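Biologist: Hi! Could you walk me through this one? I'm new to reading structures.

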Amino acid sequence: MEILATIAAELQRGEDQEVRTLTQSALDQSLEAATILEQGLIAGMQVVGERFRVHEIFLPEVLLAAKAMNAGLAVLEPHLGEADIHTRGKIVIGTVQGDLHDIGKNLVGIMLAGAGFEVIDLGKDVSPRQFVDAARESGANVIGMSALLTTTMPVMKQVITLLKDEGLFGSVRTVIGGAPVTEEYARDIGADSYGFDAANAVESVKALVG
Amino acid sequence: MTRTVDVPLSEIVPTEEALVRALGGTPDQAAGDRVRRLLGDALDELRALAEPRGIFAEVDAREFAGIYEGAGDNEDPSPLLEIFARGDSIALFAVTVGAPLSDRIAALFDAGEPALGATLDAAASEGTELAGAHLDRLVLSEAREEGTANAATRVLRYSPGYCGWNITGQRALFAALGPEEIGIRLTESCLMEPLKSISGVMVMGPAEVHEFESDYRFCSDCRTKICRSRIRALKTRDPEGDDDGDPGHDRR
Ligand code: B1M
């Protein structure tokens, strides 16, 4: 369908107005909302994610595309039933308690949403209790934690301990990241995975729920 | 003596080139109209919202040794004690570009404008570094006027959280300097609010004072490796001159 390819192409160029108009036109042409989502918006965002991963484009272009994706989604949402939304999985993310650095976490969330995950963003300064309760209540498969300071990294371990205490460890997987966090630290505290950057975080989460 | 300064706005606005670099891009990637507009908008917002201020206080080597020791969490060995001992003079410092920028960045993300939000975030981080560089120049030019520094004297900043100086060192630094006076607060987890703030010590002396090998245990975990270019730059340029062609190199 030509219009779906055009939506994907305009999304890649970050043309949010165009994507909004084209998405409405596609609906007017009686295309299924779920088809427009999968073959237009998500398809376009996948190309953007891949081009970012191989350093063909840089961050602002990804984020302009994400904005265009949201513009299209806003048009589709009233037409999408629960059953139409086939997410790859559900992930609760947040910046850990005591830490207010949230740009990295926001970018990880945007990339995960673009890759088809349902993202529940708890924001910053999130306590272990809030992470675990949100995962239980939403039925999330993964908790993603971000920390930018060594003084706040220990909260990640507290979340994992709480998951164990509440019998959720294993069924809810964990992925961690942030500038001072390392793969070794992830192993040490028993996290299931580690993301070096936003693109790598998507790969890690895909591998976890794969 | 502790002094506070209002940093001129013109001093903290990075070039578009430096901003692109801070965002992990190359000039080619930033050539498109949309990206250029975004960069321009972010720099306009930085000019409109930044409230750059700084505070500094000279301390003697003995007083500083106690501050550096902090809660005793520093790496041992670390290159810093030797560097501090070799310096001609030492001043504690903190700078911030203010809270309104962080509020605006958060509001942009909330409003579904992540591209401008992330670009402004990078611009504000660069601006904070440039505010620090302004203090370097100020301290150096005053020392030269007083005759306590000469043409070969350089200033380099070191911060808790870098090069083996544990971030918990922020507590002793704050107790000695009082950055609350320019609106910077330290949280229990040693985070500074406003977020776009930096703190540490300015060490003045000949460029060689700052040289060290980057083979310490903690160097392998460091993502920035910025010490190398900072030390190199000291030898090739006078921070007081206008040949400071790389404002974006000095990232936290
Ligand atoms: C769920 O799964 C996942 C998976 C991946 C995940 C994830 C979650 N969360 C993040 N990721 C990953 O994906 C994201 C997207 O690619 C990435 O997220 P980031 O948030 O890392 O990336 C952002 C999009 C862009 N990156 C950043 O914004 C951080 C970059 C670096 C260079 C950095 C910057 C720019 C700044 N800083 Co500073 N800063 C450093 C950083 C070192 C580095 N190279 O990363 C870091 C974080 N800083 C550090 C320090 C020490 C400090 N900084 C300070 C200040 C600053 C600036 C103001 C100059 C500036 C702004 C910071 C900000 N974020 O607002 C001070 C603290 C500020 C405060 N408010 O308290 C100060 C304390 C220094 C001082 N004494 O002044 C270090 C912390 C180390 C520690 N011991 O805790 C540091 C790691 C540098 C270092 N030493 O190597 C990945 O980490």
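Biologist: How much area do chain B and chain A bury between them?
Modeller: About 2,300 Å², and 67% of that is on carbon and sulfur atoms. Keep in mind that this is a predicted model.

Biologist: And how many residues of each chain are in contact?
Modeller: On the chain B side there are 27 residues, and they are in contact with 32 residues of chain A.

Biologist: Which three residues of chain B supply more of the buried area than any other three?
Modeller: Those are Gln29(B), Arg34(B) and Arg223(B). Together they supply 29% of the area that chain B buries against chain A.

Biologist: How many salt bridges are there between the two chains?
Modeller: Three. Glu113(B), for example, forms a salt bridge with Lys67(A), and the closest N and O atoms of that pair are 3.0 Å apart.

Biologist: Which helices of chain B each supply at least two residues to the side that touches chain A?
Modeller: Helix H2 (33-49), helix H5 (99-110) and helix H6 (114-146) of chain B. H6(B) gives the most, with five residues.

Biologist: How do the residues on that side of chain B divide into nonpolar, polar and charged?
Modeller: There are 14 nonpolar, seven polar and six charged residues on the side of chain B that touches chain A.

Biologist: Let's switch to sheets. What is the strand order in chain A's open sheet?
Modeller: Five strands come in the order S2-S1-S3-S4-S5, with parallel pairing. At the edges sit strand S2 (118-121) and strand S5 (193-195) of chain A, each of which pairs on one side only. From one strand to the next, the twist averages 25 degrees.

Biologist: What does pairing go through, in general?
Modeller: Strands of a sheet pair through backbone hydrogen bonds, and they can do so either parallel or antiparallel.

Biologist: How many bridges join S3 and S4 of chain A?
Modeller: Five bridges join strand S3 (residues 142-146) to strand S4 (residues 173-177), and the two run parallel. If you want a spot to look at, find Val142(A), which stands opposite Arg173(A) in S4(A).

Biologist: Which strands does helix H6 of chain A touch?
Modeller: Helix H6 (residues 128-138) of chain A packs on the sheet and touches strand S1 (90-95), S2 and S3 of chain A. Its direction makes about 165 degrees with that of S1(A). Then there is helix H9 (residues 198-209) of chain A, which lies across S1, S3, S4 and S5 of chain A and runs at about 160 degrees to S5(A).

Biologist: How many bridges join S4(B) to S7 of chain B?
Modeller: Six bridges join S4(B) to strand S7 (residues 197-206) of chain B. Within that pair, Leu156(B) has Val203(B) in S7(B) as its bridge partner.

Biologist: Last topic, the backbone. Where are the cis peptide bonds you've marked in chain B?
Modeller: One runs from Asp76(B) to Pro77(B), with omega near 5 degrees. Pro77(B) is in the loop between helix H3 (61-69) and helix H4 (80-86) of chain B. Another joins Glu193(B) and Pro194(B), where omega is about -5 degrees. You'll find Pro194(B) in the loop between strand S6 (192-193) and S7 of chain B.

Biologist: What is phi of Ser30(A) near?
Modeller: Near 65 degrees, a positive value in a residue other than glycine. Ser30(A) is in the loop between helix H2 (16-28) and helix H3 (33-53) of chain A.

Note on methods
Residues are numbered from 1 along each chain as its sequence is written. Chains are lettered from A and ligands numbered from 1 in the order in which they are written. This is a predicted model: local features need pLDDT of at least 70, side-chain atom pairs count only at pLDDT 80 or more; totals for chains, interfaces and linings use all residues. Side-chain values use heavy atoms; hydrogens and water are left out. Two strands pair if DSSP finds at least two bridges between them. Helices (H or I, at least four residues) and strands (E, at least two) are DSSP runs, numbered from the N terminus. Axes are lines fitted to C-alpha atoms, for helices over the stretch in contact, and angles run from 0 to 180 degrees between N-to-C directions. Contact means heavy atoms within 4.5 Å. Buried area is the accessible area (1.4 Å probe) that two parts lose on being put together, summed over both. A salt bridge is a side-chain nitrogen of Lys or Arg within 4 Å of a carboxyl oxygen of Asp or Glu. Ala, Val, Leu, Ile, Met, Phe, Trp, Tyr, Cys and Pro count as nonpolar, Asp, Glu, Lys and Arg as charged, and the others, Gly among them, as polar.
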